Structure formats: C-alpha cells, structure tokens
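Subject: Handover of a protein structure

Dear colleague,

Please find the structure below, together with its sequence.

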Amino acid sequence: MKTTTSALFFLALTGFTILNAAENAVKSVTQQPSQITLIFDGGQMELRPINDRAIRLRYFDGKTAEIPSLVLPEKLPTPKFEVREDDKTITVAVAKMRAMVDRTTGVVSFQNAAGKVFLTEKKGPRSLISTTVQGQATFIVGQTFESPSDEKLFGMGQYQDGLWDWRGISLELRQLNTQIAIPMLISNKGYGLLWDNASRTEFNPPGAPIAMIAEEKSTETSAQGPTATEQLTAGAKANQIAPLLHGTFTTGAAGEYVFCTRDGDRQNDIAILVDDKQIAGVTNLWTPRAVVGKISLPANKTVTVTVRGGGSDVKLFARPLGDTTTFRSDCGEAIDYTVFYGPKLDDVVASYRAATGPAPLWPKWAYGFWQCRERYSSQQQILDTVAEFRKRQIPIDLIVQDWQYWGKHGWGSYEWDKSQYPQPADLLKGLHEQNVKFMISVWCNPNGQTGEDLKVNNMKIGEWIDIFDPKGREIRWKHINNAFFSIGTDAWWGDATEPGDPGTALLGKKLSTGPGDRVTSAYPLFASRSLYEGQRATDPNKRVVILSRSAFPGQQRYAAAAWSGDVNGNWETFQRQIPAGLNFCLTGLPYWTTDGGGFFHPKDQYTSADYNELLTRWFQWSTFCPILRIHGYQTETEMWKWLPDTQKNLLAYDRLRYRMLPYNYSVGARVTFQADTIMRALGMDFPDDAKAWNIADQYMFGPAFLVAPVTQAQSASRSVYLPAGTNWVNFWTGETQPGGQKITVAAPIETMPLFVRAGAIIPLGPDLQYATEKTADPIELRVYPGADGAFTLYEDEGDSYRYEKGAYANIPIVWNDKARTLTIGARQGEFPGMLKERTFHVVLVSPGHGTSIEPEPKSKEVSYKNSTVTVTL
C-alpha cells in the first residue's frame with residue numbers, strides 16, 4: 001500500500017496507525033553465527049545478541065536490503081548466546097537477559113536471566129507502512145510496548161518543558177536549538193531501549209487534533225510588575241499581545257490526559273491552558289515547536305483549551321496518558337531497536353557504551369573553569385581579558401571565541417577577520433603563555449574558502465556540509481586544521497549542529513547517503529565525528545574536547561559534550577535545566593552543561609539584585625555539572641562585572657571547583673574506564689527508594705556528593721530529600737542526618753545545600769589558578785564517617801592518549817568505619833612525570849571540622865611512598 005509521506009506523518013501525529021494485517025505466527029526459525037532469523041507471512045525478524053546485557057531486534061519486509069546503523073558499529077563481537085525452542089516460544093539468551101518470541105502472536109518479551117519479564121511488545125501486528133521519500137521506497141516504522149502503571153521512563157535527550165518522567169508523554173524527536181532528541185529510553189524497571197532511527201520520530205504520538213478558533217488577547221502580568229529575570233528578554237516584551245487559539249475537549253474515562261502542540265513558530269512564547277490553568281509552556285526568544293503537559297480530569301468532562309502563542313500553524317492534540325510506549329518514525333528500512341538490561345542503571349549505561357563506543361577521557365584542564373561570552377570581538381580583547389583573570393587571581397583554564405570572528409569572509413567561514421585578529425598564531429601563543437586554553441566556534445554552514453571547496457566537490461546541501469560523506473568531513477577538517485588547529489587551538493564549539501534550526505535543512509534533500517529525511521537527527525553525531533577523527537589523525541596525542549549544541553546516540557565516542565542551547569536567564573528556565581540535564585545524562589552521554597546564568601539576560605543585569613542572585617545560584621549549581629561554564633548574549637560575563645557580593649560568591653565556587661580536581665578527574669576516569677555517569681539521577685544510586693525516582697531537582701555528582709540547587713528567588717533555605725539506605729553528612733557543617741527523610745536546610749546566598757554520602761572519601765587538591773599549575777600535592781583526603789567506603793584516585797599525564805595504552809596510575813583508598821582506619825593502598829601503574837612520593841592530609845569530617853572550602857588545618861599528615869599505609873583516625 002502506498003500513500004504520501006505528509007499524509008502518513010499526519011496519521012502518525014494523530015496516533016492513527018495503518019498496520020500490516022498479515023498473520024503474526026512464526027513460520028520458520030534459522031540460527032546463524034551472529035543472529036536468529038524468524039520468518040513471518042508479513043515479514044522477517046532478526047534477533048542479534050550485542051553483548052551480555054543487550055539484544056538487538058530488526059523487523060522488515062524480508063526483501064529490503066539492510067542499511068548500516070549510524071549508531072552501532074558495523075562489526076561488533078558476538079557474545080556467547082543460546083537458543084531454546086519449544087511448542088510455544090523461541091528464546092534467545094545471553095548471560096544477563098533473554099528475548100522470548102511467542103510463536104503464535106510474534107510478540108517479543110524481554111526477561112532477566114531468571115525469567116522475569118521487564119519489557120514486552122504490545123500484542124498486535126507491527127507498524128511497517130510502505131511509502132516513498134524522494135522517489136525512494138521506504139517505510140514508516142513503529143513499535144508499541146506495554147508500560148505498567150508503576151513504570152517511570154527517563155532519558156530521550158533534553159527538553160525545556162520541565163517534565164521528568166516521560167511515561168505516556170508525547171515528544172517530537174526533532175533537533176532544535178534548546179531541544180536535543182536522543183531516542184534512548186531508560187526505565188526504573190532496569191532496562192534501556194535504543195530506538196535506532198535518525199528520521200523525524202514521534203515518541204507516543206499525540207492523539208486526536210482539537211479544532212481551534214483564533215483570538216487575540218493581552219497577556220497580563222502581576223500588579224507588582226515582573227522582576228528583571230521574569231521579563232521576556234531579547235526582543236520579546238512583557239504585556240505583549242500574544243495570539244490565542246481556543247477550543248474544547250471532552251474526556252472519556254477519568255484519569256490523566258496529555259495535551260501537546262506541534263508546528264509552533266518558535267517565537268517568544270507558547271503555552272497550553274486547560275480551563276484557564278497553564279499546564280505547559282516555554283518562554284524564550286525561540287521556543288520549541290512542541291510543548292507538552294498533563295492534567296488529571298474527571299470522566300465525560302468538557303474542558304476549554306487554549307494555546308497561547310505558537311503562530312497561525314500551531315496544532316493542539318490530546319489523548320489519555322495510557323499504558324503503552326510507542327516509537328514511530330518517518331522512514332526506515334526496518335523496525336530497529338536494541339534493549340539493554342541492568343538491572344542497575346549503571347550496567348544499562350555500560351552495556352549501551354559497550355555497544356556504541358566508550359567516552360574518551362577529557363584533558364585535566366577541561367574540568368576547570370570555561371570563560372565564555374557572546375562575544376569577544378578582537379585578538380587583543382581576548383588577551384587583555386585573560387591577563388585580567390590572572391591579575392585578579394581568578395582560576396581559569398579555557399576562554400572561548402564565539403561566532404563572527406570571520407568578518408567579511410561570510411557566515412561560518414573558517415577564516416579570521418584580520419582587521420580584528422591580525423596575528424591569530426600570536427593570540428594562541430599569548431594565551432598558552434598564560435596557561436589558558438582556547439576554544440573556537442565552528443559551524444557546519446561555512447562560506448569563504450571552505451564553502452567554495454565544498455561546492456566544487458558537491459559536498460554542500462543548501463548551506464550545510466554533507467557531513468555524512470567522508471569527503472565532506474575531510475574538507476571540513478582540512479580548513480579547520482589550516483586556520484585553527486595548526487596554530488594551537490585546543491577545543492571546538494560545534495554551534496548550530498541541528499542543522500538548519502528548526503531541524504528542517506535536510507528534509508526533502510538528497511545526500512550522499514540518500515534521502516536527508518532518513519538521517520536528519522544524526523547530523524550532530526557526524527559533525528562531532530568530523531572534528532574528533534580529524535584531530536586524532538592530525539595529532540594522535542592531544543585529547544579532543546568538543547561542545548555541541550545537539551547530540552545523538554553514540555556521540556560520546558567522539559569526546560563530545562552538549563549544552564542546553566540559548567535559554568533565558570530567569571528562574572523558571574533555571575529550574576528546568578536540572579531535569580533536562582539529568583534526562584540527557586541518563587541516555588548514556590556523560591558530558592553536559594548550560595550557559596551559566598542563561599543566554600538571554602535582562603538589560604539591567606549588572607546592577608539587578610534579582611539577576612545577580614540568579615547568576616550566583618546558577619553558578620553554584622554549574623560547579624557541580626560536568627562542565628563549569630558561564631555565557632551570555634551581549635554580556636560581559638567576566639566575574640568582576642557583577643555586584644561585589646556576586647563576585648565573591650562566584651570566586652568561592654570557582655576555587656572549590658579547582659580544589660575538587662583530584663575528585664573530578666578521578667570521576668572522569670570512571671566515565672572512561674567503567675562507563676560511569678557524572679551527573680546521576682537519584683534512582684541510579686538508590687533504585688529501591690521509591691521516592692528517589694520522583695526527584696528531579698537533586699542528584700548525585702559522582703559517587704559522593706548529593707547536590708540540591710537553590711532555584712527559587714530570595715530563598716534562604718530549601719527542602720532536601722536524603723535518600724534512604726545511608727546516612728548523609730552536611731558538607732558545610734559536618735553534621736550527620738539519617739537517610740529516608742526530607743529536611744529543611746539552610747541556604748544563605750553563599751551556600752548551596754550539599755551533602756556527602758556516609759563512607760565517602762573525597763580527595764581535594766591545593767588552590768590552583770589553572771588545572772596543571774602544579775601536581776596535586778598535598779592532597780587533602782576528607783573522610784565522611786558512618787559507613788565503610790572506598791575511592792580510587794586516578795592520575796595520568798593530563799593531556800595525551802597514552803592512557804589508552806596503560807600510562808596511568810590508580811591509588812586505592814579504603815575506609816573501615818568500625819576500626820576507624822583509612823588504608824591508602826599501593827599505587828597500581830605508572831606514567832611519565834608521576835610523583836614518586838607524595839603527602840596526604842587526612843581529615844575525619846565532624847561538626848565544624850573539614851567543612852570549609854579552605855584546607856583543614858587540623859589533619860593527620862601521611863607520607864606516601866607507593867606502598868600501603870594505614871592510618872587510624
């Protein structure tokens with residue numbers, strides 16, 4: 001059956017599915033060395049063991065040739081697996097999980113090794129709908145899974161709605177500025193699901209469209225007037241006339257209903273109101289095309305619904321929350337997904353990274369402070385700024401050149417405006433002499449010499465590089481290397497990697513790989529690949545650091561982080577960044593950050609007490625993000641520009657970040673060697689605590705810290721939930737509290753609530769002006785009593801890939817709480833420049849002892865000479 005793509009996409013939007021009505025019974029089974037093939041009347045299924053915790057499923061028509069996955073490497077080693085058959089089922093089992101196919105219905109369920117089901121497809125024919133894209137035959141593909149009422153679903157990338165649990169929520173997986181679409185789902189049931197499709201995708205299609213009538217109505221503000229950070233910024237105005245659309249919706253059964261938009265115009269404001277109560281909305285210079293919210297409604301109730309903003313083409317949809325999870329994509333040759341099992345979420349992430357690639361270790365300097373603003377406009381301005389940082393003794397490791405350094409050469413050109421950057425090699429030399437690294441913004445729509453080279457080689461799709469073609473990536477890197485890397489540039493800012501916000505530049509275009517519709521969401525993956533592979537081929541020893549505005553599964557293998565895009569600098573937006581970041585990191589991509597303080601700032605930002613308070617709270621939180629970075633549109637973001645108390649507080653947390661380098665760098669090593677996660681949703685560490693799964697404004701930073709950012713204006717305290725199963729020590733007071741309770745914690749402006757898990761060992765280094773100023777010696781070991789604990793201190797050269805060949809050292813440290821002994825074990829491994837002897841200052845934390853950013857003067861000094869030392873505290 002054939003129909004148009006646009007018509008089918010509308011069917012997918014509304015939730016209407018055309019299903020293959022063929023018989024679902026299994027007709028035959030064939031076992032091959034790397035997979036099991038099952039034949040049905042209507043298609044063919046392949047079950048491929050990926051590793052001991054992962055099985056991939058592909059279902060297709062049995063005729064269409066397979067196109068290699070963009071996410072999974074073509075050659076993955078096949079783990080040991082077993083096939084079992086009986087009259088009712090066919091089972092494929094790896095060490096930790098199994099996939100079981102019902103012979104009669106074709107339904108696949110996934111079980112742990114003990115046979116307990118943790119995920120099952122919904123019974124019914126599969127969604128494999130014939131269509132054509134640019135004259136090429138393909139399919140609209142979809143699959144629905146059952147989702148019990150006690151399931152909670154996370155991951156899926158980064159969204160600005162402020163929501164946490166995606167169960168039943170409708171999402172449009174489309175790459176946009178401020179929105180990152182990563183089709184990797186994580187469940188509190190202990191599994192992950194990678195939907196391996198890079199075309200435009202609906203997660204839980206939104207239901208039935210609601211007829212809407214247009215009206216215009218003034219948007220009111222409070223009588224007191226908005227604070228500086230509540231105002232719409234960057235051109236949007238408070239009290240603007242916002243377009244309104246009105247309609248009605250009638251419920252069926254009582255329960256939760258999901259309302260969502262599509263096709264918003266991305267201008268300033270979009271919101272959904274049900275009976276005049278706002279349930280969803282985003283205010284920003286550019287908003288998502290789709291926003292979503294849910295609300296509990298009684299049976300057979302007619303409610304009024306309103307969409308504020310979104311433009312004339314915006315559409316509103318509604319449906320019950322339901323008990324299923326559905327993926328549906330515009331095009332693909334097969335239903336293709338991989339299931340990863342834990343049950344610990346760390347094991348899920350480890351299995352995912354084993355399949356899609358490990359995250360390389362960043363250089364030590366990348367865990368320091370990144371100074372960024374929109375924008376530095378000359379070579380001398382950058383050098384003067386760094387000199388001022390050094391003069392004021394404000395720790396810094398990286399300064400960033402944002403866009404428009406290209407001047408007359410044209411948008412995105414990999415060329416310097418020589419009128420403002422006359423000697424870029426001298427710029428890099430001057431920065432490196434001051435021990436500061438340099439990052440530059442590199443877009444994927446270059447003009448100038450690069451653009452001409454791409455055009456001659458037919459490597460441009462409109463304004464964008466055909467980044468999927470090795471030749472396009474080669475040309476891009478050649479020009480980036482000539483202009484930037486060859487003179488010493490240290491890191492890359494991949495701006496606008498969507499591409500063509502709102503993510504439409506490739507739709508309807510023919511690429512080297514075929515229709516652009518099929519690969520549109522994977523553009524940032526290949527944009528990062530071009531930089532990573534280019535740099536590693538040019539200099540195999542200098543570690544790659546990439547910051548990208550968008551991401552896709554597998555991007556961690558290219559040393560790429562993401563940030564949350566051009567977001568507003570106000571309290572509501574700040575609050576929403578925390579669940580956005582936690583969901584992003586749950587997808588298995590470990591490095592993420594934000595524009596510290598937001599991108600759009602109020603006009604009175606430097607003098608506004610409200611904005612200075614917001615910036616302080618945002619910076620405190622950013623200190624406990626994988627990257628500490630500040631930014632701002634038309635803003636001089638340097639620390640000395642703000643109010644005096646703000647300067648003092650920012651400097652204090654900057655110093656704390658540098659003291660934490662031994663801890664942070666060791667945690668970074670855990671990411672690389674153990675597939676760990678830095679920014680950890682509480683459910684990762686406390687899966688048996690039901691309350692922990694519901695918390696989206698707290699998280700663990702590495703194994704030790706419980707972080708509770710203050711996200712309300714003029715707050716001197718906040719409520720903090722201490723997860724059950726352990727005691728918790730207040731970092732600032734040394735007082736111990738039992739877990740499993742909610743407490744109110746003092747939070748004056750200079751203090752963000754911060755707790756440490758009992759038994760934790762935190763290594764703190766000396767005060768530094770930059771990460772490699774001196775070797776971390778002495779190291780202060782803060783021990784938090786109340787439980788046994790352990791930590792491994794990791795060290796290497798700091799910026800080479802020799803660690804991949806074993807050039808690193810680990811020092812195991814163990815705390816025995818009952819005996820009150822700390823054992824610093826024998827060093828394991830070595831590397832060039834390693835300290836042969838060192839000093840530890842051991843501190844047993846107690847009320848008022850070991851509770852400051854400053855080094856603790858009362859400590860027990862330990863001389864360490866590579867052999868085991870035990871000290872009693």
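What percentage of the 873 residues in the protein chain do buried residues make up? The share is 63%, where buried means under 20% relative accessible area, exposed means over 50%, and partly exposed lies in between (1.4 Å probe, protein chains only).

Please note the following about the source. This is a predicted model, in which local features need pLDDT of at least 70 and side-chain atom pairs count only at pLDDT 80 or more, while totals for chains, interfaces and linings use all residues. Residues are numbered from 1 along each chain as its sequence is written, and side-chain values use heavy atoms, with hydrogens and water left out.

The whole chain

The protein chain contains 12 helices and 56 strands; these are DSSP runs numbered from the N terminus, with helices being H or I of at least four residues and strands E of at least two. The C-alpha trace spans about 75 × 60 × 60 Å along its principal axes. For 873 residues, a compact globule would have a radius of gyration near 29 Å, and the 27 Å of the protein chain agrees with this. That radius is taken over C-alpha atoms, and the globule rule is 2.2 Å times the number of residues to the power 0.38.

Of the contacts between residues at least 6 apart in sequence, 71% join residues at least 24 apart; a contact means heavy atoms within 4.5 Å. The chain exposes about 30,600 Å², of which carbon and sulfur atoms supply 49%. Accessible areas come from the Shrake-Rupley method with a 1.4 Å probe, and for residues only the protein chains shown count as cover.

Helix α4

Helix α4 covers residues 424–433, and its buried residues are Pro424, Leu427, Leu428, Gly430 and Leu431. Seen down the axis of α4, these buried residues fall within an arc of 160°, so they line one face of the helix. The arc is that of the directions from the helix axis to the C-beta atoms. The cover over the buried residues of α4 includes α3 (379–392), β29 (398–401) and β30 (437–441). After α4 comes Asn435, with a positive phi near 60°.

Backbone details in the loops

Two cis peptide bonds may be located in the model. One runs from Gly342 to Pro343, with omega near 5°, and Pro343 is in the loop between β27 (335–341) and α2 (345–356). Another joins Asp777 and Pro778, with omega about 0°; Pro778 is in the loop between β48 (761–764) and β49 (779–783).

Thr178, a residue other than glycine, has a positive phi near 85°. Thr178 is in the loop between β13 (171–173) and β14 (180–187), and counts as buried because its relative accessibility is 3%. Asn866 also has a positive phi, near 80°, and is found in the loop between β55 (860–864) and β56 (869–872). Is Asn866 buried or partly exposed? At 34% relative accessibility, Asn866 counts as partly exposed.

Val107

Val107 is in the loop between β7 (97–102) and β8 (108–112) and, at 13% relative accessibility, counts as buried. Leaving aside residues up to four places away in sequence, Val107 touches Met100, Val101, Asp102, Thr120, Glu121, Lys122, Lys123 and Gly124. Val107 and Gly310 are 203 residues apart in sequence and 40 Å apart in space, C-alpha to C-alpha.

Yours sincerely
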